[in-house]
Amino acid sequence: MSARITDTGGGSVKLNCRTFHSHNQGIWLVWLHGFLGTGDDWSPIIDACDRYPSLVVDLPGHGNSVDVNLTGGFAEMSELLMATLAEYQINDYCLIGYSLGGRIAMYHAIYRKQDGLHGLLVEGGNPGLFSQQERDVRLRNDQHWAQRFRQEPMISVLADWYQQPIFADLTMAQRKQLIHLRSQNRGACIADILENTSLGRQPWLLPALQQISIPFSYLCGENDHKFQSIAQQHRLPLTTIPQVGHNAHYGNPVAFASAVNCFYHFLVKETQ
């Protein structure tokens, strides 16, 4: 199901999204997948969270939103998200985002221009880089990957992508499965969103996150040492998912769904 969204130029684009369990009342769960993924990645979790209404979004350049060209970075993505929620008449919601989706969710929670966001649940999302020098280095690195995605076969780039240290916990079988799944992406579209939502273009969100007034949980795989360290160093409200690394919802969907359900129950109590 697609939402029509009018952009600032007066044209329209379609951001693909689907609703699940929409007969249920209450705060909506809005799911934002990670880089290279699609909304389908959340399916096992949504099935285990069937008491709440859910909206699953395909991010620009991904899945059935592959033809949505994001050029305005995080600010434009936040506007697209708000327009999508308005299209579905979703006034009360909780954002759940993994990796890139988590970074988008954090940005939206801090810079949003409307009320209605009641909770923020981030899985392995980077709150940003402190110095401009760090951001410049990261942007150059992402631009290098983007060039490869544009010019080389997707499978060969993905073979190297999933060799990065953050994916070290993956088994050979899991790595092959992810390469197969992600090879359906279009290299040029993936390159565009990688550059536009690079960590090098993301603001340093940590001070605002530490002061955020809505319920906030930072989910992290037990073996994701990088993001465990980020959460502990900056005293983010950490919930650890056992026996998995960076992609915790993929590696341990049962424990992840349990964490979401617990967070939702807490959220409902806080809003009553």
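Contact here means heavy atoms within 4.5 Å. Setting aside neighbours within four places in sequence, L219 is in contact with L121, V122, E123, G124, T239, I241, F256 and A259. The residue sits in strand β7, which covers residues 216-221. L219 has a relative accessible area of 1%, so it is buried. P237 lies 18 residues from L219 in sequence, and their C-alpha atoms are 8.4 Å apart.

Now step back to the whole chain. This is a predicted model. The protein has eleven helices and eight strands. Its radius of gyration is 17 Å, close to the 19 Å that the globule rule gives for 272 residues, so the protein is as compact as a globular protein of that length. The C-alpha trace spans about 50 × 45 × 35 Å along the principal axes. Of the 272 residues, 53% count as buried.

Contacts and surface come next. Take the contacts between residues at least 6 apart in sequence: 70% of them join residues at least 24 apart. The accessible surface comes to about 12,500 Å². Carbon and sulfur atoms account for 48% of that surface. The protein carries 20 positive and 24 negative charges, and the mean positions of the two sets are 3 Å apart.

Turn to the helices. Helix α2 runs over residues 73-87 and has 15 residues. From first C-alpha to last, α2 reaches 21 Å, close to the 21 Å expected at 1.5 Å a residue. Its buried residues are G73, F74, M77, S78, L80, L81, M82, T84 and L85. The spacing in that list can be read against helix geometry. An α-helix has 3.6 residues a turn, so residues three or four places apart point the same way.

Just after α2 comes Q89, with a positive phi of about 55 degrees. Most residues other than glycine have a negative phi. Q89 is not a glycine, yet its phi is positive. Q89 lies in the loop between α2 and β5, the strand of residues 93-98. Its relative accessibility is 67%, so Q89 counts as exposed.

H21 is placed in the loop between β2 (12-20) and β3 (28-32). With a relative accessible area of 22%, H21 is partly exposed. The buried class requires a value under 20%.

Follow the chain past β5. S99 lies in the loop between β5 and α3. Leaving out neighbours within four places in sequence, S99 is in contact with G34, E123, G124, G125 and H246. E123 and G124 are also among the contacts of L219. S99 and S217 are 118 residues apart in sequence, and their C-alpha atoms are 14 Å apart.

Helix α3 spans residues 100-111 and holds A109. At 4% relative accessibility, A109 counts as buried. Beyond its neighbours within four places in sequence, A109 is in contact with L117, L120 and I212. D50 is 59 residues from A109 in sequence and 24 Å away in space, C-alpha to C-alpha.

Helix α4 takes up residues 132-151. At 1.5 Å a residue, its 20 residues should span 28 Å; the end C-alpha atoms are 28 Å apart, which agrees. The buried residues of α4 are R135, L139, D142, W145, A146, R148 and F149. What covers these buried residues? The cover includes α5 (154-161) and α7 (187-196).

The last stop is H234. Its place is the loop between α9 (225-233) and β8 (238-241). Is H234 buried or exposed? Its relative accessible area is 19%, so H234 is buried. The cut-off for buried is under 20%. Leaving aside neighbours within four places in sequence, H234 is in contact with W204, L206 and Q210.

Key: Residues numbered from 1 in each chain as written. Predicted model: local features only at pLDDT ≥ 70, side-chain atom pairs only at ≥ 80, totals over all residues. Heavy atoms only, no water. Helix = DSSP H or I, 4+ residues; strand = E, 2+ residues; numbered from the N terminus. Rg over C-alpha atoms; globule rule 2.2 N^0.38 Å. Buried < 20%, exposed > 50% of the residue type's maximum accessible area, 1.4 Å probe, protein only. Areas by Shrake-Rupley, 256 points an atom, 1.4 Å probe, with all protein chains shown as cover. Lys, Arg positive; Asp, Glu negative; His and termini not counted. Charge placed at Lys NZ, Arg CZ, Asp CG, Glu CD. Expected span 1.5 Å × (residues − 1).
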